[in-house]
Amino acid sequence: MPDSTFSQPSAVCPTTISVARSALGDRFQAEALAESLALDNLGVVRPRDVRDFPIVLFLDEQGLSVQVTGKGAPGPVRAEFVTGKMGYRREHGGGAGQMVAKAVGLQKTRASLHVVDATAGLGQDGFILASLGCRVTLFERNPVIHALLADGLARASLNSDCSAIVERMQLREGSSIDWLAQPDTEAADVIYLDPMFPHRDKSALVKKEMQVFRTIVGDDGDSGQLLAGALERARYRVVVKRPRKAPIIEGPEPTTRIEGKSSRYDVYSIRALPPQ
Ligand SMILES: C[S@@+](CC[C@H](N)C(=O)[O-])C[C@H]1O[C@@H](n2cnc3c(N)ncnc32)[C@H](O)[C@@H]1O
């Protein structure tokens with residue numbers, strides 16, 4: 001569940017994003033969000049009618065989302081674990097045979113692993129690992145993405161199929177690079193990284209939801225520093241998710257690679273996972 005004790009929010013661009021809600025969106029939550037992120041609060045609007053802000057952080061009866069404004073804009077983007085893609089994957093997913101599970105090493109151990117997801121985003125990979133029994137600590141440094149993920153986890157915690165999974169997930173706000181650099185940081189079994197990769201190829205932006213995500217987050221230009229910190233603190237391995245054809249993160253060569261259709265996992269082994 002969300003924990004804001006490690007709080008180092010970076011600034012959100014107040015000329016790009018504002019907070020808004022539908023008539024059914026929680027007014028108090030909207031006010032609190034606008035205040036904590038120092039954003040304008042537009043009150044009750046229809047995103048298609050908003051002209052002054054290209055993106056709204058929007059509260060409606062389904063929770064919090066980001067929405068591009070104006071006519072013909074793509075649909076909302078939210079952290080969703082109960083329904084949609086993640087709901088389907090939770091019910092029909094391939095268990096420990098999934099690529100991400102293999103990369104983390106879940107087939108090689110029966111121990112319950114503590115995974116630090118150092119680039120949480122909308123929490124999809126973290127949720128999959130928690131649904132496979134891992135205890136997952138998630139770091140997200142972008143305050144808007146953190147708010148979306150906190151909202152998604154809070155909604156999922158109220159669902160009987162998801163609550164036990166969400167209990168294994170702890171969300172923290174701030175940079176995992178800073179956390180890794182703290183001298184008293186406890187080692188994690190596995191550190192999982194999926195930083196934004198700078199796509200120059202426009203065809204890679206097919207998914208409209210990825211475009212809004214990219215507008216909010218930008219590129220994670222410090223992934224070399226993140227990998228170096230993770231290699232210092234992981235007990236068994238560091239796993240990096242990359243687009244299949246992307247170069248490795250600057251630093252040492254991975255020990256192995258697991259390749260799928262569109263993504264690849266670079267595995268940096270430190271020592272063998274415990275069998276039990
Ligand atoms: C590609 S997304 C991760 C997607 C995620 N794996 C998922 O399944 O939803 C990358 C995210 O990592 C965050 N991020 C990158 N570097 C970070 C850092 N050092 N500390 C915390 N968050 C970071 C970015 O803000 C962005 O939201």
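A polar contact is a pair of N or O atoms within 3.5 Å; within protein, one atom must be able to donate a hydrogen and the other to accept it, and residues adjacent in sequence count only if both atoms are side-chain atoms.

Some background. This is a predicted model, in which local features need pLDDT of at least 70 and side-chain atom pairs count only at pLDDT 80 or more, while totals for chains, interfaces and linings use all residues. Residues are numbered from 1 along each chain as its sequence is written, and side-chain values use heavy atoms, with hydrogens and water left out.

A nitrogen atom of the ligand lies 2.9 Å from a backbone N or O atom of Ser 176. Asp 194 uses its side chain: an N or O atom there is 2.8 Å from a nitrogen atom of the ligand. Taken alone, the ligand exposes 610 Å², and the protein buries 94% of that; these areas come from the Shrake-Rupley method with a 1.4 Å probe, and for residues only the protein chains shown count as cover.

Which elements give two or more residues to the shell around the ligand? They are helix 4 (124-131), strand 6 (135-140), helix 7 (176-181) and helix 8 (208-217). Helices (H or I, at least four residues) and strands (E, at least two) are DSSP runs, numbered from the N terminus. The shell residues divide into 9 nonpolar, 8 polar and 5 charged. Here Ala, Val, Leu, Ile, Met, Phe, Trp, Tyr, Cys and Pro count as nonpolar, Asp, Glu, Lys and Arg as charged, and the others, Gly among them, as polar.

Next, the cysteines. How many disulfides does a search of the whole structure find? The search finds 0, a disulfide being a pair of cysteine sulfur atoms within 2.5 Å. Cys 134 is buried, at 1% relative accessible area, and Cys 162 is buried at 0%. Buried means under 20% relative accessible area, exposed over 50%, and partly exposed in between, with a 1.4 Å probe and protein chains only.

Last, Thr 69. This residue sits in the loop between strand 4 (63-68) and helix 2 (84-92). Thr 69 counts as buried, at 12% relative accessibility. Its side chain reaches the backbone oxygen of Phe 53 at 2.6 Å.
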